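Please keep the sequence and the coordinates at hand while reading.

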Amino acid sequence: MTELISKYLPLKRSEKYNRRKRALATSIIGALILLALVISGFFIGTDGLVVNFEAANNAPSLQHPFGTDWLGRDMFVRTVKGLTLSFWVGLLAAFISALIALLLSLLLVLNKTLDSLVTGLIDLFLALPHIVTLILISFMLGGGLKGVVIALALTHWPRLARLLRAEIMQIKNTEYITVSRNMGKSWYWIARHHILPHLIPQLIIGFILTFPHAILHEASITFLGFGLSSDKPAIGVILSEAMGYLSSGMWWLALFPGLMLLLMVAVFDSLGRNLRKVFDPFKGQKG
Amino acid sequence: MIKFILRKTGKLASLLIAISLLSFILVSNSPEDPVQSYIGAEISRISPEQRKNIEEYWGLNRSKPEQYLLWVKAVFQGNLGESLIYRKPVSEIILERFSASIVLMGISWLLSGVFGFLLGILAGMNEGSILDRFIKSYSFIMASTPAFWFGLLLLMVFAAWLNWFPVGLASPAGSLAGEVSLIDKLKHLVLPVATLSIGGVASIALHTREKIIEVLNSEFIRFAKAKGERGIKLFWRHGLRNISLPAISLHFASFGELFGGAVLTEQVFSYPGLGQAIVKAGLGGDVPLLLGITLFSVVFIFVGNFMADLLYVVIDPRMKIKQTHD
């Protein structure tokens, strides 16, 4: 045990601040930023999206902080709307894939044959690059919002499922499970009362960490032309349009939307990592 | 050793069969009409009879399982079919495109590996310092940067604004294949490689950093320090060996992300590689090419994972001992 402690708690670390408190504070700030983003996406009017050729191709100014595009649409409004859309798409996709991961990994408790099937499925999905799977699935579904959400949900569960399976494997060998088993409880009962509560923190953190991946992949797949249709205010659409205006010197078309996307993904990522520090300090505080 | 390779080959075979089935089901249920994507815009000019003939020629009127078996049989004979948009055999296109992609992916893979490893060591050896924090935040930011956006920025700054590098493609537009000089090719490679490798550094750097911190907190390092070893010498004797193998094998196992990054980067730079081909195939409804590249990417990633496992078996003596006990 002492060896384990010294492995995970390097002595060098300064004792000036409480890591747990700091992680909690950072996650609250991150959550507030995201909340502000989503709420502002609701309340911001669509006035800026009206085609207005008089204001076309404006560089960033006080009136249009992110500039305007060649149709005179305000890039700030488009970016915020795009991020909100990304947020909902990511939320839905991450939620579904967390659900898939949970259900499939719980099969480990119930049935051995089914579980080996799940392992095979995980290997299968991890054998393909994400982008290729996304292209194939959205090719089948013909793109669009539904296609993107389903494709994202179906490609992001294997990693989380693997994590959860490892966790279940550990719990399954503990004494209290054996005792419970000897007392005549069914596996289904044990899964619900003993294993599921243990998985909740992992699941929530996994869910939040799936989010940035899903958002990035949504933008990528839309950028490639398989995702959301071009009339939707999506970051991928904005960036692929900006590709046509590269040599015109309109740098603001690509810079700000991408930067905002990066910011959102980074905030989500740090939120997930900080929450892990709070909920799962033994593993989470390593990095 | 031979047993290991045989087992892995068996796994690849079963994986390929499963993936081919899965991707066939996905693709054959697409709303896209293969006849229409073959004919193109002149679809209205062919009669229903001609259409029927084409469908019969391709076997589209047969049942789905029959179609799948026909395709698998052809693939086993080395015939991946003919691409609908390029009008060339798929295997030819894959070979041609892959030779362009492998240059891009290979160079960026090497660069990101070397620099990621070095950055990870620098950060890990100086844990908690400003340098460590800088490298750590750089890696975290890079991990959440969309690769295509970064490529766009590079294009804007270095190609459109400063005019240092060409805007896209693998060779100057309008020149014949034989006339392209090596310098020209290199010039076209710089920006895509930079895009892929600057972002690719992140995961390997973070992993190496974590590993080296773990190693530095071990008993044998404490003992070595007690003997008076410090700095580079300590690292060279006790650190490097312990972290290099996991880092290299992790890097081999990251072929999937490399491929995904290459797809996006090639699209941004219109680099004529495999990634651009799969995007075109998907958008143009070119089913044979799409399936061909899918299978190829599976093999590509499998080779990466295989190398990662092989490294452990061949180099790490501990693995050998374990294997005999099985």
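**From a loop residue to the chain contact**

Ser270(B) lies in the loop that runs between helix 11 (255-268) and helix 12 (274-284) of chain B. The model is a predicted one, and in it the phi of Ser270(B) is near 40°, a positive value in a residue other than glycine. Is Ser270(B) buried, exposed or partly exposed? Its C-beta neighbours inside 10 Å number 15, and Ser270(B) therefore counts as partly exposed.

Gly151(B) has 25 other C-beta atoms within 10 Å and is buried, since the cut-off for a buried residue is 20 or more. Which residues does Gly151(B) contact, leaving aside its neighbours within four places in sequence? They are Thr195(B), Thr265(B), Val268(B) and Phe269(B). With Phe269(B), the separation in sequence is 118 residues, whereas the C-alpha to C-alpha separation in space is 7.7 Å.

The loop that holds Ser270(B) leads on to helix 12 of chain B. Eight of the eleven residues of this helix are buried, so helix 12 of chain B is largely enclosed by the rest of the structure. The buried residues are Leu274(B), Gly275(B), Gln276(B), Ala277(B), Ile278(B), Val279(B), Ala281(B) and Gly282(B). What do the buried residues of helix 12 of chain B pack against? Their partners in chain B are helix 5 (90-125), helix 11 and helix 13, together with helix 5 and helix 8 of chain A. After helix 12 of chain B comes Gly285(B), with a positive phi near 70°.

Helix 13 of chain B also has a contact with helix 10 of chain B. The axes of helix 10 (residues 231-252) and helix 13 (residues 287-315) of chain B come within 7 Å and cross at roughly 160°. Because angles over 145 degrees count as roughly antiparallel, helix 10 of chain B and helix 13 of chain B are roughly antiparallel to each other. Helix 10 of chain B contributes Leu245(B), Ile248(B), Ser249(B) and Phe252(B) to the contact, and helix 13 of chain B contributes Gly304(B), Met307(B), Ala308(B), Leu311(B), Tyr312(B) and Ile315(B). By class, the residues of this contact are eight nonpolar, two polar and no charged.

Chain B as a whole has 14 helices and zero strands. Of its 326 residues, 36% count as buried. Among contacts in chain B between residues at least 6 apart in sequence, those that join residues at least 24 apart make up 73%. The domain assignment divides chain B into domain 1 (2-76) and domain 2 (95-325). Between them, 13 residues of domain 1 of chain B are in contact with twelve residues of domain 2 of chain B. On the side of domain 1 that touches domain 2, helix 1 (2-28) and helix 2 (34-39) of chain B each supply at least two residues. Helix 1 of chain B gives the most to that side, with ten residues. The residues on the side of domain 1 of chain B comprise eight nonpolar, three polar and two charged.

Chain A has eleven helices and zero strands. Buried residues account for 44% of the 287 residues of chain A, and among contacts between residues at least 6 apart in sequence, 70% join residues at least 24 apart.

Helix 5 of chain A, one of the partners of helix 12 of chain B, is mostly covered, with eleven of its twelve residues buried. Among them are His130(A), Leu134(A), Ser138(A) and Met140(A). How far apart are the end C-alpha atoms of helix 5 of chain A? They are 16 Å apart, which agrees with the 16 Å that its twelve residues should span at 1.5 Å a residue. Gly142(A), with a positive phi near 75°, follows helix 5 of chain A.

Finally, the contact of the two chains takes 41 residues from chain A and 46 residues from chain B. On the side of chain A, two or more residues come from each of helix 1 (2-8), helix 5 (130-141), helix 8 (187-224), helix 9 (235-242) and helix 10 (252-279) of chain A. That side has 29 nonpolar, eight polar and four charged residues.

Methods. Residues numbered from 1 in each chain as written. Chains lettered and ligands numbered in written order. Predicted model: local features only at pLDDT ≥ 70, side-chain atom pairs only at ≥ 80, totals over all residues. Helix = DSSP H or I, 4+ residues; strand = E, 2+ residues; numbered from the N terminus. Contact = placed C-beta atoms within 7 Å. Domains from an automatic or database assignment. Nonpolar A, V, L, I, M, F, W, Y, C, P; charged D, E, K, R; others polar. Expected span 1.5 Å × (residues − 1). Axes fitted to C-alpha atoms, helices over the stretch in contact; angles between N-to-C directions. Parallel < 35°, antiparallel > 145°, perpendicular 65-115°, else oblique.
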